[in-house]
Amino acid sequence: MAGKLMHAVHYTNCGGGPSDLKYVEVPVPTPKKDEVLIKVEAASISPIDWLIQQGRVKPMFPRELPQIPGTDVAGEVVDVGSGVKNVKAGDKVIAMLGFANGGGLAEFAVAKANLTVIRPLEVSAAEGAGIPSAGLMAHQALTDSAGLKLDGTGKPTNILITNASEGVGNYAIQLAKLGNAHVTATCAPEHIDLAKSIGADEVVDQITPDGQALKSPSGKKYDIVIHCGEPTSWSTFEPHLASNGKIFDAKPTPSSARAYLLKKLTFSKKQLIPVLLSCKGENMDFLVKLVKEGKVKTVIGSKYSLSNPEDAWAKNAENKIFGKIILEP
């Protein structure tokens, strides 16, 4: 498709707001040897996309400007690089793009073949587009980092999931329940019933004193905390941790990194551990299968048109939605 144009959403500088996103025509990208070209049927956006636009992840991201934001897409393969063997033209797929270059909010996007998986017919494009970054982070934090066994064969575990309204929190609740964990979640008051509907055993209004203190209504101590919220002090977490309790920070900051080093140096059994997303195609395929089987669902908070992205971007910036924000061409 060399030389052809497509519609896409981009911004030309960091630090702006929703109005800086422009619906433009740009060349259709060409896949490299290890890449696939996807006709995008749905894309989702996440809080990290807003942070990148704000320049709060510099100098790592964005790699260059203008930037087409978005990393999570579902669609149909239209072309593949010479080295690609796992998918072919015509396949319905889900893919995770890189944070450095983005590219998801467009009619066509290129993705690495090793981060592109088949989307079964039972999973809609919108459901599939919600999976990659949020689902992978929840899965990694619970399994690779915290060691939870999702087949339910592990020991009984008490888990706290903060800011469970977001996509990571949505998936974390559902995956933790597959591991037979007792799940306490914090979220905005208007989302309490929604959090319960996807499996949370206890839900705390995060704007109340108990919610801000992260206190379990039943007085349980947490073995694992999946922290998806704003930076929170160690002194807030510590009283509610079990003797070997560990916090896995899905939104690590310099302060959480310092807390991690301090607890390591003092040989504390209670620890705060930053989680940096390591994308693996096999984990994404595992999550897609769970959605296909109805064991996990993508919670879709709202849908928008790609041609009018400002409202979706504003909603993403507010960070008050329950579930994923989807854009469709």
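Colleague: Good to see this one! How far apart are the mean positions of the positive and negative charges of the chain?

Modeller: They are 6 Å apart, for 36 positive and 34 negative charges. Lys and Arg count as positive and Asp and Glu as negative, while His and the chain ends are left out. Each charge is placed at NZ of Lys, CZ of Arg, CG of Asp or CD of Glu. Please keep in mind that this is a predicted model, in which local features need pLDDT of at least 70 and side-chain atom pairs count only at pLDDT 80 or more, whereas totals for chains, interfaces and linings use all residues. Residues are numbered from 1 along each chain as its sequence is written, and side-chain values use heavy atoms, without hydrogens or water.

Colleague: What makes up the fold, and why is the chain called as compact as a globular protein of its length?

Modeller: The chain has 10 helices and 15 strands, where helices (H or I, at least four residues) and strands (E, at least two) are DSSP runs numbered from the N terminus. Its radius of gyration is 20 Å, close to the 20 Å that the globule rule gives for 329 residues, so the chain is as compact as a globular protein of that length. The radius is taken over C-alpha atoms, and the rule is 2.2 Å times the number of residues to the power 0.38.

Colleague: What makes a residue count as buried, and how much of the chain is buried?

Modeller: Buried means under 20% relative accessible area, exposed means over 50%, and partly exposed lies in between (1.4 Å probe, protein chains only). Buried residues make up 53% of the 329.

Colleague: Why is strand S10 described as covered on both faces?

Modeller: In S10 (residues 202–205), Glu202 and Val204 on one side are buried, and Val203 and Asp205 on the other are buried too. S10 pairs in the parallel sense with S9 (residues 182–187) over four bridges, and pairing requires at least two bridges found by DSSP, so these two strands qualify. Val203 is the bridge partner of Ala185.

Colleague: Which strands pair with S3, and why is S3 called mostly covered?

Modeller: Nine of the 11 residues in S3 (residues 35–45) are buried. Eight bridges join S3 to S4 (residues 72–80), running antiparallel, and Lys39 stands opposite Glu76 there. S6 (residues 108–112) is also antiparallel to S3, over five bridges, with Leu37 partnered by Val110. Three bridges join S3 to antiparallel S15 (residues 324–328), where Ile45 is partnered by Ile325.
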